[in-house]
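Thanks, everyone. Let me put the model up and walk you through it.

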Amino acid sequence: MISQEIVDKYEIVVGLEIHAQLQTKSKAYSSDPNEFGVDPNTNVSPITLGHPGTLPRFNKSTLEYGVRLGLACSSKINYENQFARKNYFYADLPKGYQITQDKTPLCTEGFIDIEDDSKKHKRIGITRIHMEEDSGKSIHDLDPYNTLIDLNRAGVPLLEIVSEPDIRSPQEAYNYLTEVRKLVRYLEICDGNMEEGSMRCDANVSVRIKGSDTFGERTETKNLNSIRNVYRAIEFEAKRQIEILENGGEIHMETRGFDAVTGQTISQRSKEMAHDYRYFPEPDLQVVFVDENYIEEVKTKLPPLPNELKEKYINSYSLSTYDAEVITEEKYFALYFEELTNSTSNYKSAANWMMGSIKSFLNEQAISIQEFKIKPSQIAELIDLIDEGKVSNTIATQKIFPAMLENHETNPRDIAEKNQWIQQSDTSALDEFVNEVLEKYPEKVKEYQDGKTGLLGLFMGEIMKLSKGKADPKLTNQLLRNKLDL
Amino acid sequence: MKKYLNLQDIRNDIDNGILNCVDLVNGYIANIKESDNLNIFLEVFEDSALRKAKEVDEKIKQGTAGKLAGMVISIKDNICYKGHKVTASSKILEGFESLYSSTVVDKILKEDGIIIGRTNCDEFAMGSSNENSFYGNVKNPLDEDLTPGGSSGGAASSVAANLCLLALGSDTGGSIRQPASFTGTIGLKPTYGMVSRHGLIAYASSFDQIGPIANSIEDINLILNVISGKDEYDSTLSKFSEYDYLELVNDVPRMKIAFLDCYLNHSGINPEVKAKTEEVIASLKSMGHKVEMVDFDLLDQLVPTYYVITTAEASSNLARYDGIHFGYRSKNAFDLESTYLKSRSEGFGPEVKRRIMLGTYVLSAGYYDAYFTKAQKVRRLVRKRTKEILKEYDFIISPTTPHPAFELGSQNQDPIKMYLEDIFTVQANLAGNPAISLPIGKTKAGLPFGIQLMADDFKEKSLLDFSHNLINNFALKKA
């Protein structure tokens with residue numbers, strides 16, 4: 001085992017390649033439906049099957065989705081987009097080549113902002129984002145003798161997102177992937193489910209002595225199927241490389257796989273065995289030109305992005321970074337909050353409702369905010385009731401909110417009135433309760449007046465009981481003090 | 001059945017009540033059976049052709065027949081027709097049936113053309129003598145010891161032997177024009193991007209173009225009206241692909257015509273072919289056209305450039321024939337890799353394998369720039385120079401082939417010699433412009449050879465008008 005001291009001498013350098021499956025209606029180069037979970041080999045026309053004489057037809061939605069992501073990563077959008085063929089044989093690749101982009105990727109020079117290990121802001125460069133098509137799926141574990149092939153996935157559009165080797169730790173890789181996933185979900189171009197394979201990740205890992213300005217030889221660990229596994233694979237791979245170097249060995253460029261059970265990376269293919277993909281311009285598709293007008297058009301349709309919202313919540317709404325992060329984690333949750341803050345300016349209270357009662361309810365029911373029946377305007381009204389002193393926080397969360405869940409049509413003010421939960425703020429009614437309680441506990445009154453001021457809580461509690469919780473606590477407190485503090 | 005040379009004659013006889021489509025198709029089928037030894041057809045679509053003939057006869061009676069009513073057409077065995085076999089003359093697709101129809105077939109059927117069968121060709125359209133067919137070579141109907149040319153050798157022969165009125169072939173480097181030249185027929189390679197390639201089994205995607213072979217310019221003109229034009233399935237079609245000229249013009253204006261010095265003085269050219277070309281040039285001048293010699297210094301680069309790029313594209317286009325999803329699978333395969341190796345080794349013929357290897361080589365890391373990138377640069381130069389000439393001149397005139405049809409078996413041991421068959425035809429494929437071979441020449445021994453005219457992109461209309469005029473003039477002289 002290598003000591004932590006030695007490990008600390010090294011710096012980990014990571015670049016990630018992410019494949020994001022796009023949620024377009026049809027495939028990248030045919031009109032076959034792009035849907036998940038249908039019977040095998042049903043979304044397959046002669047084009048998907050790669051039958052003789054078929055030609056690809058470019059799906060313009062792929063381009064739009066790519067430009068969306070490019071803009072969200074502040075990338076340069078390439079004007080002249082040529083497609084290329086990447087040639088290799090595999091059973092789930094019916095044409096014997098994949099249509100992708102080689103020398104003219106759709107987007108270049110973008111970036112995504114993340115937090116580093118010490119929670120400081122860090123910028124990760126995006127080298128390129130390009131359009132390509134997915135292969136079919138080989139299924140090795142359903143039949144004991146045969147590999148089964150499902151071509152429903154063949155031709156599904158992908159964006160490949162290639163980062164600069166700017167990532168310096170497993171945690172940064174984790175944060176970067178989380179950010180990319182959040183982004184594609186906000187843009188609604190990919191569902192981001194790594195477990196289902198709709199987002200996949202390859203990690204290029206190398207190590208070098210801290211302070212060195214050259215990169216070490218790297219390995220590529222392929223097909224990592226969760227953000228957690230990306231973290232684990234990088235952690236393992238970096239340690240493995242450090243151990244080799246410390247023992248006087250050399251790192252060889254190779255492709256590795258990851259075993260999620262053992263947490264180890266395993267060599268699959270050396271550089272000598274690497275494919276020569278023989279990229280060349282795809283002669284069956286014309287060059288696609290992306291002009292300024294088109295880019296502007298896509299730009300105007302962009303949804304609010306998580307980082308923009310987060311900054312607004314921190315800087316303009318004075319929310320804590322944590323609150324802002326939780327609220328922007330998921331698009332529609334954030335959009336609910338946006339609507340809520342259009343109806344109330346008590347942002348802090350709005351945030352508390354989102355992260356408290358609403359989130360708990362969603363978690364309990366295992367539903368998304370889109371299935372949540374109560375309108376933001378109703379929550380805003382509830383916040384107003386509290387702010388006006390009409391109901392206490394306790395009544396609002398424990399009585400009115402549950403009642404609204406029961407019957408989401410009724411507004412909170414009516415519920416409160418109907419159930420006589422409006423706080424009693426008129427002093428005559430309260431006076432009676434105060435007197436009643438003080439008369440009931442003459443000895444306690446004496447003790448209080450002798451200095452045991454902690455007893456105030458007891459009197460408050462009793463008054464609350466009598467008023468069935470409707471007593472305005474502030475007012476009650478004031479009245480009590482007036483009577484007791486002679 | 002009498003030999004019809006154009007659709008108009010057929011329509012006249014139908015209108016006069018002495019012919020109907022069913023009899024016509026039966027007549028051609030009888031001819032096909034009689035000339036079975038020429039190996040022109042790989043399959044006759046007897047049922048579907050007769051069914052269509054019946055339908056067209058009915059439509060003619062009702063006055064609802066389409067533009068091609070009465071036209072019996074053969075398709076090269078690399079053009080897909082739903083529910084019919086298509087093999088590209090390869091063992092690897094033996095028995096393969098297409099799930100869909102090519103756009104050209106759909107368009108022809110919609111205009112009531114009758115498709116009579118699929119014609120033999122070089123495997124995957126790779127060859128110049130039709131000797132690369134897995135199903136045996138085609139014999140030239142004019143002389144059975146000779147090649148009909150290739151790769152559309154069956155297509156050209158089907159017209160020359162009166163087995164149909166018109167044939168669809170495909171032209172990647174001369175595969176329509178060279179067999180037309182060798183069989184005394186007219187063959188047109190349209191501008192790249194004029195006719196949809198959807199349903200044409202690809203050889204080299206940026207070169208391949210479907211075109212007609214026939215005995216008359218009228219029929220060539222008519223079919224071009226039908227098969228050209230937009231198709232959502234082929235994104236390489238040009239916005240200028242619509243061709244809408246049903247009438248040919250008889251009186252053509254005075255034209256400026258170029259002939260390329262290096263073509264005519266090429267060392268491999270047959271003296272009779274050279275003499276005839278010079279004679280045509282002289283008579284064009286006497287008709288008042290301006291014919292001038294023009295420099296073209298890229299002749300020696302044409303064939304190598306063509307073979308680098310076409311084989312590169314072919315190596316990728318033919319990757320799908322892997323024994324996994326369709327087509328031939330070796331019985332000796334025992335795992336994935338051996339399925340690829342054995343199916344492809346056993347399924348492809350030697351010339352196809354040679355081109356796949358060549359194409360794979362020129363695209364390989366370390367060789368890519370020296371071959372593929374360089375060839376693309378030369379292709380751009382060829383296109384630029386050709387465009388320059390065609391900006392100044394209406395047409396470029398040359399022989400279609402350096403010599404008339406050669407003997408079967410005489411060249412198939414020497415691939416380089418065979419590749420040089422394409423020397424005059426590949427320019428139009430590299431540059432993309434249209435070119436036509438006209439059956440004007442004949443040797444003393446009676447063998448036909450073609451004169452080629454090239455025009456600028458999408459100038460098919462003036463090319464066909466002029467060709468029509470030229471053929472008429474030379475036909476008159478002959479008489």
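Start with the hairpin of β13 and β14 in chain A. Four residues sit between the two strands, and A:G263 adopts a positive phi near 75°. The strands themselves, β13 at residues 254–259 and β14 at residues 264–270, pair antiparallel over six bridges. One pair to look at: A:E254 has A:S270 in β14(A) as its bridge partner.

A word on confidence. This is a predicted model. The scores are ipTM 0.94 and pTM 0.88. Chain B has an average pLDDT of 95, with 99% of the residues at 70 or above, that is, scoring at least 70.

Now chain B, and its sheet. How many strands form it, and in what order? There are 11, running β1-β3-β2-β4-β6-β5-β10-β11-β9-β7-β8. The sheet is open, and the pairing is mixed. Look at the edges: β1, residues 41–44, and β8, residues 290–294, of chain B each have a single partner strand, so one side of each has no neighbour in the sheet. On average, neighbouring strands here are turned by 30° against each other, ignoring direction.

Next, the helices on that sheet. Helix α2 of chain B, residues 21–34, packs there and touches β1, β2 (72–76) and β3 (114–119) of chain B. The direction of α2 makes about 15° with that of β3(B). Then take helix α5 of chain B, residues 153–160. Its contacts are β1, β2, β3, β4 (166–171) and β6 (209–214) of chain B. Against β4(B), the direction of α5 makes about 160°.

Back to the strands for one pairing. In chain B, β9 (residues 395–399) and β11 (residues 448–455) run antiparallel, with five bridges. Find B:P399, and opposite stands B:I451 in β11(B).

Last topic: the cores. Nonpolar side chains tend to be buried together in soluble globular proteins. Which residues touch the most other members of the largest nonpolar core? They are B:F124 and B:L168, in a core of 144 residues. Helix α10 of chain B, residues 299–317, supplies the largest share of this core, nine residues.

Zoom in on B:F124. Leaving out residues up to four places away in sequence, B:F124 touches B:A88, B:S90, B:I92, B:L93, B:I201, B:A202, B:Y203, B:L318, B:Y321, B:F348 and B:V352. Another core lies apart from the largest one.

Notes
Residues are numbered from 1 along each chain as its sequence is written. Chains are lettered from A and ligands numbered from 1 in the order in which they are written. This is a predicted model: local features need pLDDT of at least 70, side-chain atom pairs count only at pLDDT 80 or more; totals for chains, interfaces and linings use all residues. Side-chain values use heavy atoms; hydrogens and water are left out. Two strands pair if DSSP finds at least two bridges between them. Axes are lines fitted to C-alpha atoms, for helices over the stretch in contact, and angles run from 0 to 180 degrees between N-to-C directions. Contact means heavy atoms within 4.5 Å. A nonpolar core is a set of buried Ala, Val, Leu, Ile, Met, Phe, Trp, Tyr and Cys residues joined through side-chain atoms within 4.5 Å. Buried means under 20% relative accessible area, exposed over 50%, partly exposed in between (1.4 Å probe, protein chains only). pLDDT is the predictor's confidence in each residue, from 0 to 100.
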